[in-house]
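Please read this briefing with the model open beside you. It goes topic by topic, in short points.

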Amino acid sequence: LTYAFGRLNRHFPKPKESPDSLTIPERLLARYMDFCRVHRGLRPATLMGYRRDLLRLRSFLRRRRIGGIRKVTLADLDDFLLHHGNHIGVRRLQASATALRSFFRYLHLNGDVSRDLARNVLSPRRFSADLRPKYLNWTKVEQLLARVNRSSPGGKRDYAILVLLACHGLRAR
């Protein structure tokens, strides 16, 4: 931006550097990202997701005035996931819980925290019944029914099944 503004003969003020976080210092975050890249072989997209989740956790903990990573409790992590879950979908929340488990497992194994919080960070469960059924609008249903050949016994059977499915909202199972 400095270059672009300079070409327009305008001044671009450089952003002020914020002090490093005491809760999750940038040095610790970089060390963890290197570990995930080198030893776990995580893809760049996964690393970006982990980093995004950990930066959100850092902001959340800063707002709670938690002064160090050793002071983080399981209740803090649960509150973060509950708060975070209100803004994202279930799959993204599961990925966030995975990132937290991985990070806190790493911290425990390296001796950065004394308790293993990772084993108590639970992911939300997702079941196939949780998915809303997909359906056709009534115009498409009428078009489908109109295409069924009702002159043969098989066609009459197919028509009856389709009308039953459409009118009663029955699903494949």
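Predicted model: local features only at pLDDT ≥ 70, side-chain atom pairs only at ≥ 80, totals over all residues.

The protein has seven helices and zero strands. Along the sequence the pattern reads α-α-α-α-α-α-α. Of its 173 residues, 28% count as buried. Take the contacts between residues at least 6 apart in sequence: 56% of them join residues at least 24 apart.

**Helix α2**

- Helix α2 covers residues 26–38, which makes 13 residues. At 1.5 Å a residue it should span 18 Å, and its end C-alpha atoms are 18 Å apart, so the two values agree.
- The buried residues of α2 are L28, L29, Y32, M33 and C36. Viewed down the helix axis, the buried residues fall within an arc of 135°, so they line one face of α2.
- The face turned away from that buried side carries the exposed residues R27 and V38.
- The packing partners of the buried residues of α2 are α3 (44–63) and α5 (90–109).

**Helix α5**

- Helix α5 has 20 residues. From first C-alpha to last it reaches 28 Å, close to the 28 Å expected at 1.5 Å a residue.
- Its buried residues are L93, S96, A97, A99, L100, R101, S102, F103, F104, Y106 and L107.
- The cover over these buried residues of α5 includes α2, α3 and α4.
- Just after α5, G111 takes a positive phi of about 80°.

**Where α2 meets α5**

- The axes of α2 and α5 come within 11 Å and cross at roughly 105°. That angle makes α2 roughly perpendicular to α5.
- On the α2 side, the contact involves L28, R31, Y32, F35 and C36. On the α5 side, A99, S102, F103, Y106 and L107 take part.
- By class, the residues of this contact of α2 with α5 divide into eight nonpolar, one polar and one charged.

- Is S102 buried or exposed? With a relative accessible area of 8%, S102 is buried, because the cut-off for buried is under 20%.
- S102 sits in helix α5. Leaving out residues up to four places away in sequence, S102 touches Y32, C36, R40 and Y50.
- Y32 and C36, two of these partners, are also among the buried residues of α2.

**Positive phi in the loops**

- Which loop holds N9? N9 is in the loop between α1 (2–7) and α2.
- N9 has a positive phi of about 55° although it is not a glycine. N9 has a relative accessible area of 74%, so it counts as exposed.
- R65 lies in the loop between α3 and α4 (74–85). Its phi is near 60°, a positive value in a residue other than glycine.
- The relative accessibility of R65 is 77%, so R65 counts as exposed.

**R64 and its partners**

- R64 is in the loop between α3 and α4. At a relative accessible area of 36%, R64 is partly exposed.
- Which residues does R64 contact, leaving aside its neighbours within four places in sequence? They are D76 and D79.
- R64 and D76 are twelve residues apart in sequence. Their C-alpha atoms are 8.9 Å apart in space.

**D116 and its partners**

- D116 is in the loop between α5 and α6 (138–147). At 24% relative accessibility, D116 counts as partly exposed.
- Not counting residues up to four places away in sequence, D116 touches R105 and H108.
- How far apart in space are D116 and Y106, C-alpha to C-alpha? The distance is 9.3 Å, and the two are ten residues apart in sequence.
- Y106 is one of the buried residues of α5, and Y106 also takes part in the contact with α2.

Conventions
Residues numbered from 1 in each chain as written. Heavy atoms only, no water. Helix = DSSP H or I, 4+ residues; strand = E, 2+ residues; numbered from the N terminus. Expected span 1.5 Å × (residues − 1). Buried < 20%, exposed > 50% of the residue type's maximum accessible area, 1.4 Å probe, protein only. Arc of directions from axis to C-beta. Contact = heavy atoms within 4.5 Å. Axes fitted to C-alpha atoms, helices over the stretch in contact; angles between N-to-C directions. Parallel < 35°, antiparallel > 145°, perpendicular 65-115°, else oblique. Nonpolar A, V, L, I, M, F, W, Y, C, P; charged D, E, K, R; others polar.
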